[in-house]
Each structure stands twice: as structure tokens, then as C-alpha cells.
Amino acid sequence: GFYHPTEAPLNPYLIEGPALISFSGGRTSGYMLKHILDAHGGTLPGDVIVSFQNTGKEMPETLDFVRDCGERWGVEIVWLEYFVPEGGFPTFRQVDYESASRNGEPFMALTDYYERLPNPAQRFCTGKLKIEVLKWYAKDLGFDDFNNAVGLRADEPRRVWRVNDTTPNYMNTVCPLATAGITKNDVAEWWKIRNFDLALLGVDGNTPLGNCDLCYLKGIQTVAGIIRQRPDLAEWWIKMEERYSTAKGGFCAARPSYRQLLEYSKSQIDLFDGMDDETIPCFCTD
């Protein structure tokens, strides 16, 4: 029952169940969700479910936006988190806006369990906090094989190719925005005329503070710029790096530590001008 981009129906937003719609809490995935809802007449089939996998490091504005989309569009969004019970094995738990982690608890549970930090070569935070949690939840629902709709656009073909190339065989990833030819400019223009929006700054169609606030996969200029504006956000990342510094190293050996980035942010000199600022693509979407 799966559909593929080459076999897509006239309306790519018609998602066939069983399916999960991965809502990241960003403008792009919000655009995708609303168009999927509209394609289904405003109400999703019982076997098409919207989920938000919370890492605990999203900005408060992102959590507000997830809540607002659910309330304003009349759709249930299931909030999920990675969870390790004391003395037990990793699993997931269902939370809501009020009970959702806001201090990186799921992320910390992951690193405590594996006793190391993720890095650009081993991005197991994405694999565990997002994809594994989704898989566990799908199994709990009785979905053995399912479609997974993600908010990858037509202007990020490498990410579309990569997510399709790395998708496990029980999960058929579909990218309705890519199929529909939607770009970040289309998304930005659409949100300009809505009666609510994500309360995070958009820059050229991107949201620097989207997903995990100071994610090590974000470009160094982006991270340095955020720290300059919000030095308090660096504290959690510094604590995490120093917690594991004697074991497996920091988040990214190829660039300064978060403590160094915080120190650099206090100078008026742009030490990273001209450095590559491309965000490394992964499953986390805008």
C-alpha cells in the first residue's frame, strides 16, 4: 500500500495509512502538516498519526508552536520522548505540552546510557531520539510497515536522496513537499499570511534556532552567532562536553569546544568569518 515519489498520486499530500507524520516543530513541517490535513478534508484517517519527538533541547517557542498547530488546526499531535527507566533498557514515553522535557533530559538519558556524546560521524542522537522513538511508537500501535511523512523540500535534494537511501525497510519515508516542488521560499511566503507563526527568527527561509538550539551539526557561524545573542544557551552544551571530556571527547573534534565558543563570543571579532557554515543534513527537519 506504500506510494513512492515516482508513483505519487495527483495530490502528494494524500498520505496512505498506516502512517506517521513526523512533525519537527518547524515552519516547513508545519506547512506540510496543514497541507496533509487539507488534502484529507481537515481530518486525518484513524491510521495516520502526527507525532513530535521531543529531545528536550528545542526552544520554548518550538514547543509553543507544536501546541498551537494542534489546537488551531484541530489535530492531535502525539508528543514522544526517549526514556530510559532506572536500571532498564531504552524505550519511549508519551508526554504533552505541560509535561514535555525542557532541559535536555531525553538527550542526557541517551548519552548516559551509551556513555559518550554523538558527533558528526556518529549522529546517534538523531537515530535514537527521533527515528528509534518513532519506530517503537509505531510498533506499539501495531504498525509493522508504515509510511513516514517528513518535511523535506524540493530545494534540498541531497537530504531527500539520503533519507530515502537510509530508511529502514519497515518504514517507507515519503517527502510530499519535495514531490510537490515546494521550496523554503514557498514556505516562508505561506507563513507570512497565516494568523499565527513560529516565534523564532527566520533568516533566508531558515530558522537558526530550530531543532536543538546549539546542535553540533549547525554551521559554526550559526552557533557562534546564537551564543553571542544567547550565551545562556551554551551552558548545557558545555556541561555535556565536560561531563564526557575524559572519555570520548566533545561533540565535534574539528572545531572549538562550546566553552571556547562562549569565550570567543565575548570578543567583538568575528573569528569564523568565511568558514563553512553549512548545516550537516540529518533526519531532523525544519
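Predicted model: local features only at pLDDT ≥ 70, side-chain atom pairs only at ≥ 80, totals over all residues.
A residue counts as buried when its relative accessible area is under 20%. At 1% relative accessibility, F65 is therefore buried. F23, with a relative accessible area of 2%, is buried too.

F23 and F65 form a tilted aromatic pair, with 6.3 Å from centre to centre and 50° between the planes. F23 belongs to the loop between β1 (19-22) and α1 (27-39), whereas F65 belongs to helix α2, so the pair ties together parts that are 42 residues apart in sequence. Both residues are also members of one aromatic cluster, formed by F23, Y31, F65, W73, W190, W191 and F196.

A second pair deserves attention. The ring centres of F92 and Y137 are 5.9 Å apart and the planes stand at 80°; planes over 60 degrees apart count as edge-to-face, so this pair is edge-to-face. F92 is in strand β4 and Y137 in helix α4, so parts 45 residues apart in sequence are tied together here. Both of these residues are buried. In total, the model holds 22 aromatic pairs.

I turn now to the strands. How is β3 placed between its partners? Strand β2 (residues 48-53) pairs with β3 in the parallel sense over 4 bridges, while strand β4 (residues 91-95) runs antiparallel to β3 and is joined to it by 5 bridges. L80 illustrates both pairings: L80 is the bridge partner of Q53, and Q94 in β4 is the bridge partner of L80. Together with helix α2 (residues 60-73), β2 and β3 make a right-handed β-α-β unit. Of the 7 residues of strand β3 (residues 77-83), 6 are buried, so the strand is largely enclosed by the rest of the structure.

Which residues have the most contacts inside the largest core? They are I77 and Y258, in a core of 77 residues. Helix α4 (residues 124-141) gives the most to this core, namely 7 residues. A second, separate core has 5 residues, among them V150, L152, V160 and C175.

Neighbours within four places in sequence aside, I77 is in contact with F23, L33, V50, S51, F52, V66, C69 and G70. F23, the buried phenylalanine with which I began, is thus one of the contacts of I77.

Note on methods:
Residues numbered from 1 in each chain as written. Heavy atoms only, no water. Core = buried A, V, L, I, M, F, W, Y, C linked by side-chain atoms within 4.5 Å. Buried < 20%, exposed > 50% of the residue type's maximum accessible area, 1.4 Å probe, protein only. Helix = DSSP H or I, 4+ residues; strand = E, 2+ residues; numbered from the N terminus. Contact = heavy atoms within 4.5 Å. Pairing = 2+ DSSP bridges. Right-handed = clockwise from strand over helix to strand, strands pointing away. Phe/Tyr/Trp six-rings, centres within 6.5 Å; stacked < 30°, edge-to-face > 60°.
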